[in-house]
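Try each task before you read its solution.

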Amino acid sequence: MDKQLIRNAYKIYWLENGKAPVSVYSLCKQLDIAESTFYEQYSSLEAIEKDIWLAVFEDTLAQLRNDETYQQYSAQEKLLAFYFLWVQKLKDDRSYFLQQREQFRLPDLYRNKLDTFKHAFYAYVRELIKEGYVSNEIKERKYISDQYVHGFWVQALFVLKYWLNDSSANFEMTDAAIEKAVNLSFQLIKSNTLDSLLDFGKFIFTRK
């Protein structure tokens, strides 16, 4: 039994019933497989949900890394390319992801479901940050640099939520939001803007 077949069956169950399967048994019944076969691939239904998010990310990254043009991009251009392709991949299962949107109102719940995707995204962004240091796109700052990756994760969540709520034609507003968000983030970590803000903060703090 292939993992993708299980993931697809899980999504179909959601789409047809408006909720997750109540048990592994009910999903296996739909697939016409024994529960033991299911457990050869996944330990739980929650593991499927985590893998759905991770699979979209890995598929996006695999396609980008096989693109010779992408390899020539700057760190900023690579992140832009990632977001643009990522939302295109998400669009293939938009109806399913829209059903998950309600879970984003419960932070602890959605953070748990995005956990494996988050770890993979962090690893990817750390690579981009290192490239940015070499190309001088990103300024390395003592104590602050380690926080960059967290900021990019917040940015990824922003892009995801924006896309889920976007009703514009062909999601043009999401594309615009991606460009603005990425451009702003790189301006902050490259230019003296962040340093000026930090200096101002120190000044205010020391004057108290």
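**Exercise 1: the core**

F121 touches F57, F82, Y83, F152, W153 and A156, leaving aside residues up to four places away in sequence; a contact here means heavy atoms within 4.5 Å. Before going on, note that this is a predicted model, where local features need pLDDT of at least 70, side-chain atom pairs count only at pLDDT 80 or more, and totals for chains, interfaces and linings use all residues. Residues are numbered from 1 along each chain as its sequence is written, and side-chain values use heavy atoms, with hydrogens and water left out.

Task: find which residues have the most contacts inside the largest nonpolar core, and work out which helices supply at least two residues of this core.

Solution: 
1. Start with the term: a nonpolar core is a set of buried Ala, Val, Leu, Ile, Met, Phe, Trp, Tyr and Cys residues joined through side-chain atoms within 4.5 Å. Buried means under 20% relative accessible area, exposed over 50%, and partly exposed in between (1.4 Å probe, protein chains only).
2. The largest such core has 57 residues, and F38, Y83 and F121 have the most contacts inside it.
3. At least two residues of this core come from each of α1 (3–17), α2 (24–31), α4 (45–65), α6 (75–91), α7 (94–100), α9 (115–135), α10 (148–165) and α11 (172–190). Helices are DSSP runs (H or I, at least four residues), numbered from the N terminus.

**Exercise 2: charged pairs**

Solution: 
1. A salt bridge needs a side-chain nitrogen of Lys or Arg within 4 Å of a carboxyl oxygen of Asp or Glu. The whole structure holds six of them.
2. R7 sits in helix α1 and D51 in helix α4, 44 residues apart. R7 is buried at 15% relative accessible area, and D51 is buried too, at 12%.
3. D93 is in the loop between α6 and α7 and K11 is in helix α1, so the pair ties together parts 82 residues apart in sequence. D93 is partly exposed at 26% relative accessibility, while K11 is buried at 11%.
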